[in-house]
Amino acid sequence: MNAKQSYYQTLSASVLKKLQKRGMEAYYCSSKETAVKLVLDLIPEHSSVTWGGSITLSESGLMEALKTANLNLIDRSTAKTPDETKAIYRSAFSADYYLMSSNAVTYDGELVNTDGTGNRVAALIYGPEHVIVMVGMNKLVPDLDAAFARIHNVAAPMNTIRLDIKTPCQKTGLCADCTSPDTICCQTVVTRYSRVPGRIKVILIGEDLGY
């Protein structure tokens, strides 16, 4: 185990306890491979499963693994029209399992997420029976101020570049607190407690994943 791996394992131990105090199930996996296996173990066969946009889910290998699992996938990429896309977005709220990452997680166990469309934070808040959140340890931050700074100056610029969205941060790499029509920073949600015990399951992964 190298120094980074040891640090991640040590840090995760305290964050897991904070997540649990906030009504969430919490797990630590040292690698993305073990995290993917855990996700699949947590989901019973034939469950309906959908997800929010996430580089972490792709980089971990979970999206590929889902294709061969015995699950009922609700996949918005199969939509052929805008109306079909809207219908799939709405059907996510009745899914058994919703998969996502988090833009940031504080050391005190708060999940912090900013969305453009809002479908991801909406499903996190209410609807699906279970929400599984996969988070690389690179997304852990000391507090809410650091979480917002990470979102505005790391996650948002990278996503605007990836999606080719014309905002000031795409050009400069820095947040301009813009009100551009194309802004992807429309809704910000801080999840500080889950009133449904265990509904939200957070898997911290001892690797750098996603933006």
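This is a predicted model: local features need pLDDT of at least 70, side-chain atom pairs count only at pLDDT 80 or more; totals for chains, interfaces and linings use all residues.
1. Start with the open sheet: four strands in the order E8-E5-E6-E9, and the pairing is mixed. The edge positions go to E8 (140-141) and E9 (187-191). Each of these has a single partner strand, so one side of each has no neighbour in the sheet.

2. **The E5-E8 link.** Strand E5 covers residues 104-106 and runs parallel to E8, with two bridges joining them.

3. Helix H1 (residues 3-21) lies across E5, E6 (111-115) and E8, at about 85° to E5. Helix H7 (residues 144-163) lies across E5, E6, E8 and E9, and its angle to E6 is about 30°.

4. **The tyrosines.** There is one aromatic pair in the structure. It is formed by tyrosine 7 and tyrosine 8, with ring centres 5.9 Å apart and planes at 40°, so it counts as tilted. A stacked pair would need planes under 30 degrees apart, and an edge-to-face pair over 60. Are the two tyrosines buried or exposed? Tyrosine 7 is partly exposed, at 44% relative accessible area, while tyrosine 8 is buried, at 8%. The cut-off for buried is under 20%.

5. **The cavity.** The structure has one cavity of 30 Å³ or more, and the volume of the largest cavity is about 60 Å³. Its lining is made up of Thr50, Trp51, Arg76, Ile88, Tyr89, Ala92, Tyr98, Asn119 and Ala123. Strand E2 (48-51), helix H5 (82-91) and helix H6 (119-125) each put at least two residues into that lining.

6. **The pocket.** The largest pocket holds about 750 Å³ of space. Its lining has 36 residues, and those nearest the centre are Gly53, Arg120, Asn159, Arg162 and Leu163. Helix H3 (55-60), E6, H6 and H7 each contribute at least two lining residues.

7. **Where the elements turn up again.** Which element gives the most to the lining of the largest pocket? That is H7, with six residues; H7 is also the helix that lies across E5, E6, E8 and E9.

Conventions: Residues are numbered from 1 along each chain as its sequence is written. Side-chain values use heavy atoms; hydrogens and water are left out. Rings of Phe, Tyr and Trp (its six-membered ring) pair if their centres lie within 6.5 Å; planes under 30 degrees apart count as stacked, over 60 as edge-to-face and the rest as tilted. Buried means under 20% relative accessible area, exposed over 50%, partly exposed in between (1.4 Å probe, protein chains only). Two strands pair if DSSP finds at least two bridges between them. Contact means heavy atoms within 4.5 Å. Axes are lines fitted to C-alpha atoms, for helices over the stretch in contact, and angles run from 0 to 180 degrees between N-to-C directions. On a 1 Å grid over the protein atoms alone, a cavity is a set of points where a 1.4 Å probe fits but cannot get out, and a pocket is an open set with protein on both sides within 12 Å along at least five of seven lines; lining residues have an atom within 4 Å of a point. Grid points are joined across faces, edges and corners, and a volume is the space filled by probe spheres set on the points.
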